Amino acid sequence: MTKRLLLLHATLLYSICVVNAQQKYTISGTVREATSNETLIGVTIAIQDLRTGTSTNEYGFYSITLPEGEYNIVISYIGFQDVRRSVSLNSNLKLDFNLQEKAEQLDEVIVTENAERMDIRKPQMSVNTLSVETIKKVPVVLGEADVIRSLVLLPGVTNAGEASSGFNVRGGATDQNLILLDEAIIFNSSHLFGFFSVFNPDAIKDVKLFKGGIPSRYGGRVSSVLEIFQKEGNSKELKVNGGIGAVASRLLVEGPIIKDRTAFLAGGRASYAHLFLPLFDIDNSAYFYDLNTKISHRINERNSIFLSGYFGRDLFSINDSFVNTYGNAVGNFRWNHLFSDKLFSNLSLIYSDYFYGLELDFVGFEWDSGIQNFNLKYDLKHYLNDKLQINYGLNNIYYVFNPGEIKPNSEDSGIVADQLTKKYANEAAAYVDVEQKITENLSVNYGLRVSQFTRLGQDELFVYENDQPVLFDPFQLIYREATPIDTINPGRSGNLSTFFNFEPRVSAAYAINNDNSIKASYTRLAQYLHLLSNTSSPTPLDVWTPSGPFIEPQLLDQYALGYFKNFKGGEFTLEIEGFYKDIQNRIDYIDGADLIANDAIEQVILNGEARAYGLELLLRKNEGRFQGWLAYTLSRSEQRTPGRDPVVDNGRSNLETGINQGEWYPTPFDKTHDIALFGNYELNTKWSFNANFIFQTGQPTNYPVGQFEFEELVVPFFGLRNQTRLPDYHRLDISATLKPKKNRNSAFQSEWVFSIYNVYSRLNAASINFRQNQDTGRNEAIRTSIFGIVPAITYNFKF
């Protein structure tokens, strides 16, 4: 028996030595769409013999190192035919793949590989991916496919209601979301004050939302990262697609400049409802337009360059006496370089600008404000072997903040030109991120981001007694603005403040078997920019400000634990996650804070803290004619601003009460229950039907708790912050898509989309205001709603 054990042990050692002694080689390449040469993100490259694999990065590149031998490779991606290849690996091998779209069949509509599913074995968690096809299926107001509205159907994602800007993730504020379009920062993601998003779905290739477990390459926001990549353009043939809707139309053209090497893309959208207003003697106007552009050029097998841009503007006017203009403009130059079959790099030079303009003709002045940034990024991905990948890089962003410039719009306006003090800052970071497969069942992802933020010098800076720009009145128990005791001129060459933060990240996945896994993550993030807004939904008038002498950076610690399961071979998937978030230095405002055109914003701001915790559930059906998901979130989002340390004033200690008496109170983004249901049914190749239902707990708000009379005026007074709520929000949307039979075997493809938003015409409250009835003299509540039932028809085409 002992001899047998020794023999078995020796045989095992020999086998291990033989395996370790085997020469290893690398298979690498790029995966593209066959008809357009568009690179594909997240394609699965599976090595069936070893039960291992990898996936393509943001530029369609993959690399995997394996021992010498014979292998069967399967390449799969949603909506495309699988590619199977047998290879004999005895040297480094470059394999590029061109995937063909699946042909549409009458009797069978099945998706077997879904990019929106969570990989059971990967440590990545708290991430949701939406395909452009899914986004276009979601019924939305006025029939315009919308990225942001589609995100709200995911667990942990809400917004402030209809006609609200931005979105909220896991109880966070809208400014805590990092929104990237081709790596460029988007500061305002909405058109027409929130009716539509700035993203043209026809120009988009990939949408991914990170809610937790955020990789180290991202930083600067403490709630989420929304990463969107534009298409690169068709380098094989000229293609056109577009759509005509109820209030807006769009057109996108893409094609080769040099076939198979250089491609262009140009897409535009514009609304036109304002053109019909003069027919009804209405002098007001509201419209938007945007433009997406991109040029991609493949220099050789190891080098590619991309030049992309986005420009969008909104205009809202009332009788030409009030004109509001705002929008984003971004540009990005990127260079992909392949040092070897294991080392991929990307260099990006990015410019981003957000502009806000206001003209009040009846007052006689123009108001301009905005934020600009210049961003340099260098990222490298090192594919060491099939079990270890290291990502690392550098990032530097230079900011220019324009809080506002006032100038007369005519010679006789009487307005004196004034420029609020511009602010400047620089944010630098370095990161390393490691993806490692430790055992067959255990995978981890760990990394570190080191960030430094420097508030650079400016022309004027107020000085306050005891460095306290906000004072506490112990007799009235209120905060008030301090009066500066001096004004200094630091100049552009100096530094006002410097912040330095270590941001570790770690996530792990343990696969119980092929269909069950448990995942956990910890994320630390620092945010150095703050959006000054005391409304539940941001407006274009809100101003961004950097951390500095009186404003600390926000710091997040987030913990998440989840269970993931596949049913029936992946036909159904279940994701359950619990999370807890703790945020330091969340800014809060004193009562009566005036944020508009305030050159001393530090006089109305206090640093507090925030927390959010909850449970998310996502049940998906991924295959068959009927597909969709049920998302449910149970959560709590709160913040607190306790009194600062006692301040000695003339020998007397002032013990501050803090905001809301220093107690925790619900944030404006607190939604206890959030239910979203989405379904898509493919009846046949001609008809498909979609529906979604949303229910959200009413938004926290403030109602008067009493009133008093002063000189025959009735003055309401309010209690603690956010102690009441608007009525619960819910609605049902449906749509039907008709694809004419003439589409078959025709180069010209078209479809009609018939949609009904808010089917049962629920008048959801956007706000509730109180007033005194002139006839009865009694107080009454007035509900303001945005939409009732809204039918729409959209015609889409491509050729």
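Guide: Buried means under 20% relative accessible area, exposed over 50%, and partly exposed in between (1.4 Å probe, protein chains only). This is a predicted model: local features need pLDDT of at least 70, side-chain atom pairs count only at pLDDT 80 or more, and totals for chains, interfaces and linings use all residues. Residues are numbered from 1 along each chain as its sequence is written, and side-chain values use heavy atoms, with hydrogens and water left out.

Visitor: Which class does L388 fall into, at 22% relative accessibility?

Guide: L388 counts as partly exposed because its relative accessibility is 22%. L388 sits in strand β26. Strands (E, at least two residues) and helices (H or I, at least four) are DSSP runs, numbered from the N terminus.

Visitor: How do I read a cavity, and how many of 30 Å³ or more are there?

Guide: A cavity is a set of points, on a 1 Å grid over the protein atoms alone, where a 1.4 Å probe fits but cannot get out; lining residues have an atom within 4 Å of a point. Points are joined across faces, edges and corners, and the volume is the space filled by probe spheres set on them. The structure holds 16 cavities of 30 Å³ or more.

Visitor: Which residues lie closest to the centre of the largest cavity?

Guide: L180, E183, R217, Y218 and K377, out of 26 lining residues. β25 gives the most to this lining, 4 residues. Other elements that give two or more include β12 (177–181) and β17 (224–230). By class, the lining has 10 nonpolar, 6 polar and 10 charged residues. Ala, Val, Leu, Ile, Met, Phe, Trp, Tyr, Cys and Pro count as nonpolar, Asp, Glu, Lys and Arg as charged, and the others, Gly among them, as polar.

Visitor: What is a nonpolar core?

Guide: A set of buried Ala, Val, Leu, Ile, Met, Phe, Trp, Tyr and Cys residues joined through side-chain atoms within 4.5 Å. The largest here has 45 residues; L151, F167, F199, L226, I228 and W629 touch the most other members. Elements that give this core two or more residues include β12, β17 and β41 (626–640). Apart from it lies another core of 35 residues, among them F401 and W544.

Visitor: What is the strand order in the open sheet of 4 strands?

Guide: Two strands pair if DSSP finds at least two bridges between them. The order is β3-β2-β5-β6, with antiparallel pairing. β3 (52–55) and β6 (83–89) each have a single partner strand, so one side of each lacks a neighbour in the sheet. Between β2 and β5 there are 4 bridges. I47 stands opposite I73 in β5.

How values were computed: On a 1 Å grid over the protein atoms alone, a cavity is a set of points where a 1.4 Å probe fits but cannot get out, and a pocket is an open set with protein on both sides within 12 Å along at least five of seven lines; lining residues have an atom within 4 Å of a point.
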